[in-house]
Amino acid sequence: MVKKGIIIINMRCLPFDKLRALLVNPWIHDFSSLNLWSSPLGLLRVAENLSQFESEIFYIDCLKTIKNKSYGTGKYNRQQIQKPLVLKQIPRKFCRYGITPDEFQSQLKSIMPVDIIFVTSIMTYWYTGVAETVKEVRKLAGDTPIIIGGIYATLCPDHALKNTGADLIYEGSAENGLEAVIRNFGLRLNKNSDKKAYYKLGLSQWEFAPLLTTTGCIFSCTYCASKLLNKDFIRKTPEEAFSEIEELFNLGIRDFAFYDDALLTDSDNHLKPILKKVIQKGLTVRFHAPNGIHVRFIDNELAMLMKVSGFKTLRLSLETISPERQRLTGGKVRTDEFENAITILKKSGFTKKELGVYLMYGLPEQSLNEVKEGVKFLKSLSVNINLTEFSPIPNTKMWNELLAKGIISKNIDLLLTNNSVYYYLYSGYDLRELEKLKLEVKSYNAS
Ligand code: SF4
């Protein structure tokens, strides 16, 4: 964990007996956004870390879901905001997703003052949402330290320091180094208990629970930042993972979303024992795997356990049916392995609606024809199709290739890497043809 930014080493006078910490899940600025099992798990880990010290922890979720849909997913409120100049040519409304600024200010007023503020971040192209959140907090927080962590902060620390108004950018996971950062601001920490799980801290009502049973990935796809965020592949024991599920179940949670990048790796020693325990204990739950899973690792036993234990949403990673592109981008799947996995999953009882397959478009040098062939292939297997736009992520292999080829510049505004923007500007596709294909897929999925 590397820290950047202003480190204040003079002792601050602690005005309260306990450390008062505010955690904020910031707004999203985008053209569209839905809550598909999104939860600020990293920020909740900060809360867990703080829970071992004498502290009062406050949480504001700018992305409070206003309309719950099936299985814990939902919609955000939104307000149209001025489109940044650099996005002028995109013919869509640009919005702030989440609660209104008035609501945010009113929640802040009910909590302030605090000693320290943590704001998380996700997509690198959502940095203006983080910056606006910090600006609003600053109105009431004055010089209270504001720390930004999360994915954007870890991938682009210098950019975050320059563009968000935070005092410090925290790279990496909350497990390592958080305590030192807090002490560096001159704040005292008195340890008085063991860490408590975030769901025991009364921070919010949870519609679903995020589960992260492993961190990192065993593959290194050229467009993915998994290795940059987590160098090693680490996993909880099946017992630890199951006990979290059971505790959440006992609190009334029924929907669980796996956030793992490599959930199915070595399933004989990981996912299978977890699911066997869920079945054996008779927990009636619904599992969702919104991150693409590795179809290569699906076997008969695993598919059957997934079906019986309650998997309702499976997103499978195919991305492309071009063997050459599969190989060049990291080799995580071949089309024959994919076909085999679909046969097994169907045999275990999974339906078309439960099986959604990620198919990418707009990858460098990928023709629209290749995408159309992928759609045709997936239709022949009778699975739902999730078309996903390629968007380059800073410092990945593919990002560096795009830089080397002069397709993007190192000073590119990250707003232009938004998934709704990048393909529009850089794919070279006939956009009417693409829209036709999207509509075709939409009606096929609904059929
Ligand atoms: S398999 Fe998935 S998570 Fe792993 S590197 Fe590839 S895209 Fe990323």
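**Helix packing, domains and ligand shell**

Helices α8 and α9 cross with a right-handed sense. The model is predicted. Two packed helices are described by the angle between their axes and the distance between the axes. Here, α8 spans residues 238–250 and α9 spans residues 271–280. Their axes lie 9 Å apart, and the helices pack at an angle of about 40 degrees. Angles under 35 degrees count as roughly parallel, and 65 to 115 as roughly perpendicular. The two helices, α8 and α9, are therefore oblique to each other.

Four residues of α8, namely Pro238, Ala241, Phe242 and Ile245, form its part of the contact. They meet Pro273, Ile274, Lys277 and Val278 in α9. Seven residues of this contact between α8 and α9 are nonpolar, none is polar and one is charged.

The protein chain is divided into two domains: domain 1 covers 3–184 and domain 2 covers 208–446. Taken over C-alpha atoms, the centres of domain 1 and domain 2 are 26 Å apart. Contacts link 22 residues of domain 1 with 26 residues of domain 2. On the side of domain 1 that touches domain 2, α3 (127–141) and α4 (151–155) each supply at least two residues. Helix α4 gives the most to this side, with three residues. This side of domain 1 divides into 14 nonpolar residues, seven polar and one charged.

A ligand is also present in the model. Around the ligand are Cys217, Phe219, Ser220, Cys221, Cys224, Ser226, Asp261, Ala262, Ser317, Gly330 and Lys332. Five residues of this shell are nonpolar, four are polar and two are charged.

Methods: Residues are numbered from 1 along each chain as its sequence is written. This is a predicted model: local features need pLDDT of at least 70, side-chain atom pairs count only at pLDDT 80 or more; totals for chains, interfaces and linings use all residues. A residue is near a molecule or strand if its C-beta atom, placed from the backbone, lies within 6 Å of it. Ala, Val, Leu, Ile, Met, Phe, Trp, Tyr, Cys and Pro count as nonpolar, Asp, Glu, Lys and Arg as charged, and the others, Gly among them, as polar. Domain bounds come from an automatic or database domain assignment. Two residues are in contact if their C-beta atoms, placed from the backbone, lie within 7 Å. Axes are lines fitted to C-alpha atoms, for helices over the stretch in contact, and angles run from 0 to 180 degrees between N-to-C directions. Angles under 35 degrees count as roughly parallel, over 145 as roughly antiparallel, 65 to 115 as roughly perpendicular and the rest as oblique. A crossing is left-handed if the near helix is turned anticlockwise from the far one by less than a right angle, and right-handed if clockwise.
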